[in-house]
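Please examine the sequence and structure shown here before reading on.

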Amino acid sequence: MSMRKLLPALYHSDREGRLSPETRVIAMSRGGLTDADFRGKVDAEVRDGSESRRVRDEVPAGDAAAWERFLARLHHVSVDVGREDKSGWDALSGMLSGFESRDRVFYLASPPRTFGPFCRELAEAGLVMPRSRVVLEKPLGHDLASAQAINDEVGAIFEERQIFRIDHYLGKETVQNLLVLRFANAFLEPVWNSLWIDHVQITAAETVGTPGRRGYYDHAGALRDMVQNHLLQLLTLTAMEPPARNDREAIRDEKVKVLQALRPIAGTEADRFTVRGQYVAAGDMPGYLDEPGSTPPTEASARVETFTAIRAEIKNWRWAGVPFYLRTGKRMPYRRSEIVVQFKDVPHSIFPGGAPNRLVLRLQPEEGIELHIMAKEPGAGEVTLKPVPMSLSFGKTFTTRVPEAYERLLSDVLAGNPTLFMRRDEVEAAWRWIDPILDAWKADPALPEAYPAGTTGPAGANELLGRSGRAWHEEE
Ligand code: BG6
């Protein structure tokens, strides 16, 4: 995480002049590294590592000075949470002494069970100041009770205004653009409701599998890993009421209301409204159970879902009767995250062969917005209709570099702006909806449906939409 996302994001912020000259980045691990070791590791892995091509490509000769300046900001202290030996904390105290009135950001990219103990030791070492902030990486717990326990533990040390629960999807340009699209344009709002919208599809499809991640993934699964956070965040932004102000609390208040309005899916309803899948070997791609991992597969591995599709409903005036279909999976044939808003058919058609309008908000691979409208195919004969996309590609329209999600979010943490971070009640409301689905799946003796690696998921996912005459949006 640090090497792949955080350090490249900090480097770009530095290069674009967003870090003050005194900013220091202090890595904490059990690793026993010196500053020089750590800088060498970052130089090798971030600058030259295959994962971080963005940085490598953008540190050509001319930028070598920026890279050297960034490396010089890096330090390392060895801290082992839960040990008698407090020398690491003393070393950190020494480094921070004299900077008590400055902003301090503690970024916890460690397993959630360490969040509470880490914050406690941080406080015992006297390092938490009024201008300190803590960033918590997902997953925040594995159910409502564990999330509440973590929130209580961290909340005993930090005030809510100091806690930044990160969901990197909120840092993606299209996601922020969704709010602008909805609330800075007049034409959408009148049709953004059940009178005009037939359904919404939110997909996060990945081609990657889970090699080396079994330890985590066996206990997470797609529902906890992607739906509880990323997909539900996209759903709230799509469905929320217009906030009165562009203000951290006003926006988050509206998002929580959407989560609270989700119709619960419990017991046998999970059979009708949810689908679980697990990829099996196909071609040269291994199945989930054959993925190389640090631990051999267990009974839990066989039950874990690497794909899920859910038909969600929001019980309020705006959305009554409009299904929100959520879908995410590993080892699908393409990498694509998008929100598709499908409008209803025209009330009365005078042309044969029309298709409903569709608004596609694409988060990746390329960020952009497409509105599919019906047009007449040129020609002198019969009128023939064809859906034509009106598209906005951010990459082509704006020449400025589109920042990575983490870059934007880290800048917001440094600026103390939590709008794009999840408030405690948001996280807990999301778990409150997820928990009954998890319970229903646990009680079900059936295993997830198999789907061959490299395909769009199990047959059940198509049936979920097919029984109401709908289909998943696939690229034409
Ligand atoms: C992470 C999940 O939160 O998001 C991963 O833990 C997933 O399993 C990743 O691969 C997807 O992020 P992105 O930005 O590539 O869609």
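The side chain of Tyr-169 places an N or O atom 2.7 Å from an oxygen atom of the ligand. A polar side-chain atom of Lys-138 also lies 2.7 Å from a ligand oxygen atom, and for Arg-213 the distance from a side-chain N or O atom to an oxygen atom of the ligand is 2.8 Å. Taken alone, the ligand exposes 400 Å², of which the protein buries 83%; accessible areas come from the Shrake-Rupley method with a 1.4 Å probe, and for residues only the protein chains shown count as cover.

This is a predicted model, in which local features need pLDDT of at least 70 and side-chain atom pairs count only at pLDDT 80 or more, while totals for chains, interfaces and linings use all residues. Residues are numbered from 1 along each chain as its sequence is written, and side-chain values use heavy atoms, with hydrogens and water left out.

## The shell around the ligand

The residues around the ligand (those with a heavy atom within 4 Å of it) include His-168, Glu-206, Asp-225, Met-226, His-230, Lys-330, Arg-335 and Gln-364. By class, the shell has 7 charged, 3 polar and 2 nonpolar residues. Asp, Glu, Lys and Arg count as charged; Ala, Val, Leu, Ile, Met, Phe, Trp, Tyr, Cys and Pro as nonpolar; and the others, Gly among them, as polar.

Helix 9 (residues 214-239) gives the most to this shell, with 3 residues. Helices are DSSP runs of H or I with at least four residues, strands are E runs with at least two, and both are numbered from the N terminus.

## Charge over rings

Within the shell, Lys-172 and Tyr-169 are both present, and the charged end of Lys-172 sits over the ring of Tyr-169, 4.7 Å from its centre. Arg-336 lies over the face of Tyr-334, at 4.2 Å from the ring centre. The criterion is NZ of Lys or CZ of Arg within 6 Å of the ring centre and within 35 degrees of the ring normal.

## Aromatic pairs

The whole structure holds 12 aromatic pairs, defined for rings of Phe, Tyr and Trp (its six-membered ring) with centres within 6.5 Å; planes under 30 degrees apart are stacked, over 60 edge-to-face and the rest tilted. Tyr-217 and Tyr-288 form a tilted pair, because their ring centres are 5.9 Å apart and their planes at 55 degrees.

Methods
A polar contact is a pair of N or O atoms within 3.5 Å; within protein, one must be able to donate a hydrogen and the other to accept it, and residues adjacent in sequence count only if both atoms are side-chain atoms.
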